[in-house]
Amino acid sequence: MRYFGSFDELTTKKIIIKDRIKADIISSGDNSVTVKFPKQEVDYTSAVAFALLDSHNRYVWYSTCNINSSRHTINFDGFDYPSIDEVPLRFKLYIVFENNGVLNFCRLYSKSVKDEYRSTRNKRILYHKAISRTEMSGEKVSLVTHITTSGYLGFILIEEKSFVDYIVDNTVEDFGVKGRNFTFDVKIEKLSKCNDFGVTLKTSLEDDLSYDISPDEVKDMDTHYILKYTISRDFLKDKEPCVLNMYAYYRIREFLYYTTVKIANDTVAKKISETAEEDNISGKGLDEITISVVNNKRVRFSSVITAKGTEITIENNQRHILFSPEFLPKCSIWGEHYVDNSGSYKVLLYPDMREVGDIAVFLHCPSRREKIVLDVKSFDRKKGEITVDFSSIKNSVADFVDRTYNLCVAFSYKGNMYCVNVKSPDFDGAKGDKEECLKSVASFNVMDTVVILEPMYDKTGSFCIRLRDRLVSHKNLVSVKYRSVHFKKNYLYITCDVTENMERFTGYALSYRYKQCEDKRIYYAKGDLVASGDKTLLKARFDLSAIELQSVIWDLYAVYVEDNATYFARVSVDNHQVNRYLFSFKNIFDQNHYRFVSSDNKVKLFFPYFTMENTLSFIMREKQDYDTKKFKLKELLALAIFKLRKSHYTKKRIALVYEKNSNFAQDNGYCFFAHCMRHKIQRRLNANIYYVIQSKSKDYSNVEKYSKNILEFMSLKHMVYALASRLLISAESRSNSYIWRPNNSPIARSIRDKKLFSLRHGVTGLKRIGGIYHKSSPHHPSMIVASSDSEKEILLKNLNYSSNEVCVTGLARWDALEDKSFDSKEILYVPATRDWLEDVDDETFLESDYYTSYLSLLKSEQLSNALESNDLTLNFFVNTRLKDYISKFSIGNKRINILTPDDVQLNKLIMSCKMLITDYSSVCWDVLYLNKPVLFYQFDYEKYKNTTGSYIDMERDLPGDRSTSVNVLCEDLQRVANNNFRISYKYQLKRELSFKYFDKGNCVRLVQEIRKLRW
């Protein structure tokens, strides 16, 4: 019997992947491999099979082995070619032993080959003959016996035409510039039976477009050739603009093989990079060839505009192309931008633009998918200088929310339209350059707010235009230093040092940090300038009883006047002042806050909050159990204990795992912690791992069996271990490991600086997460998890992480997912929360379109009929944040259950459901992971897109059918039911791209990544 399938389908027996055993390949080919085993303590008679394991844990399985005990060899043959659709694909080779019904997988390992390769670097000893051949998508492919550079035996499935690339190392040995030409030497390894060889420039291996280049000289160096080349900068003249990579080619028995050409060493790479940097600022023609280094390994030649343009025709004219949503930048060119003395905004393009036809400039906001075309007042082709007028933006901005637009330049050239970003060659975010704003170029009123337009460089050096409130536009340009803040009765008293700019200050402003334009509110307090020694202090007070205080954050600004315009400046606080405030016994015993009873008879607190940027803000929230003097003294005791035994606790290498508000044990945090406990991971990590949870949590029973590693939330031990911890592991932010929004806790502040390994809530795509997760955010994790290479690209591109800060592992909870829906009649509905409805009062929530739309859906006759006709039950699962409103959902339909996390774990509903309906919840990926269909009902899509935003186009790229009306949603539901809840082929393909792994090894990979962290 031969078998090819997934790990779960392989067998019902227990599988253990054990250590390696030594082996060497004797022969390979003709659908057969013979492996010899050196003498070692192994009972070969219990070997039952070979198994091939790929990165997705798919196996090629053999039920028999032919054992020659005298030679200690095992042979297998009769290879069934696997039905797969991807190349190249590597398989790891295991021998399988069966003992007492348990299958032990042992990976085969050749120390002799590893040692020989490391001494010779001869790649040809790593590859044996192909044992099987077939054709896939019109290409011939081979399964080749392969040994890794670390000595592990396996196979690699590759296209035959690229096989040569695996066994040779061809390199660029030298590089230079001579006049308008590039010169370089290429080392080509010799191959037997080769009747022709050389170097070619190709867009890619898959593309037929290539340009063979003839060497100026060929030197025979015994084991290789040195080919000397000269290539003119006019090489692409009259050719289509493109990117060209360098390949070496061999012709063997009439077959053509292409191989990559790498850069030989850092010296050569530096020469090429220096030339590329010079090209950045010199005026190259648009089709003139330039050079660059890719990943410090390969050479790339390209024209200045490296992408194919959009052809201009009578039907597809320039205006039509420009306003097309798909017409967006495909490459970047170099330049600079500035605001001249008259206030005009100018963009200077470095390339030679004299042959360019019409030119246009537009702004693009990716999060809102908004494009605004600007007026070009003038274009000097000789200088490459564009003067831009921003008048048109006034009529394009319907609401006011701070946002940033990418500046894009479009132009016609040789019958095509091109679109580019413009970047500065001198701006390097990798070296610490931060966003830089130029002088504002326009201002106008939007919804009673004076907004300004500021040209700026983003962290990559690209040109952007920021739209922002004029009041806060200068917040970091004036020095305002905190001195004191205190409350007396219903008054807030503030004192700051404004010595450097005292004549301009008039008082203070409290500004509500709003999520929607209509929630904007600002309150002012007139200030007095008071001399204090050589300092000038600005003093003022707010009557808080006259302010409509809303949850959660209020920012404090000092108000100053310049050129008859009013601006805000943030109040800065240094670490010494923060510590003095946090450890002040006066603040502990006086409880420095404003306390009042709200209209709904709840006790509320308003107190100072020192931000991660070391500025002063305030928090308004409901009173908690921890807002007491007794609790503050308990914190001071924990601090004293930690300081007395700091070296002892530091040596323990403490890692804390937790979930939302340290009140749950059912998601990624719990699954990872349970894995660590079951498999004794603490020993592997040389660490002590603890789970933080409230003793009254309904999930406490899930972790109770690991009692030695449980920290009771807000116990004295938890406080001490929070101070001593060296790593936090969670899908939540750091603050969820302690009190949520504490009233100035020294322990909570110390947690801000801990390393955080983010397990993530779900797959990134449907919601923009830049606020907390962006690399520039002070709250960003130290390491962040992704589920696929495409998700990793989203995180790298949009959140500015480096590649080694994002690990593709999959989510921990997926290790526990199983499809239990075979006899189920349940479908699951999980609506996402809305950022703009967090912490709102009952009245605001009940008037929201979120509440009214869902209430209308749940009471609709169409939904009731769809459920009834298909004998289905709908489990409507409401997020924890909205559970206080659960009583408001009175439906009266026996086929609809309203559930919260207090009623049932979401994972159980996911496993038992036939399908999912959601709007924007990342739960859709969990259901898709189980190969179940998903429907999307997005009644407030425009508002969500403009307020929250997504990383994918939800009108085209969702992994399920999408609707914006109840009627269409119910039609989609009926269609899925008629198809017996099978996922359609279109979405099956999206599923394959959404996940890298479908195994049970996510927690194993997470442990491996945590081991790499320095903590």
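Which residues make a nonpolar surface patch of about 290 Å²? Phe585, Phe589 and Leu633 make it. This is a predicted model, where local features need pLDDT of at least 70, side-chain atom pairs count only at pLDDT 80 or more, and totals for chains, interfaces and linings use all residues. Residues are numbered from 1 along each chain as its sequence is written, and side-chain values use heavy atoms, leaving out hydrogens and water.

**Nonpolar patch**
- Patches are made of residues with over 30% relative accessible area and no salt bridge; nonpolar side chains are joined within 5 Å, like charges within 9 Å.
- A salt bridge is a side-chain nitrogen of Lys or Arg within 4 Å of a carboxyl oxygen of Asp or Glu.
- Phe589 sits in helix H7, residues 585-590 (helices are DSSP runs of at least four residues, strands of at least two).
- With a relative accessible area of 37%, Phe589 is partly exposed (buried is under 20%, exposed over 50%, partly exposed in between, with a 1.4 Å probe).

**Positive patch**
- Lys481, Arg483, Lys535, Lys539 and Arg580 form a positive surface patch.
- Strand S37 (481-488) and strand S42 (535-543) are the elements that give two or more residues to this positive patch.
- Arg483 belongs to strand S37 and counts as partly exposed because its relative accessibility is 37%.

**A buried glutamate**
- Glu454 lies in strand S35, residues 449-457, and counts as buried because its relative accessibility is 5%.

Conventions: Areas by Shrake-Rupley, 256 points an atom, 1.4 Å probe, with all protein chains shown as cover. Lys, Arg positive; Asp, Glu negative; His and termini not counted. Charge placed at Lys NZ, Arg CZ, Asp CG, Glu CD.
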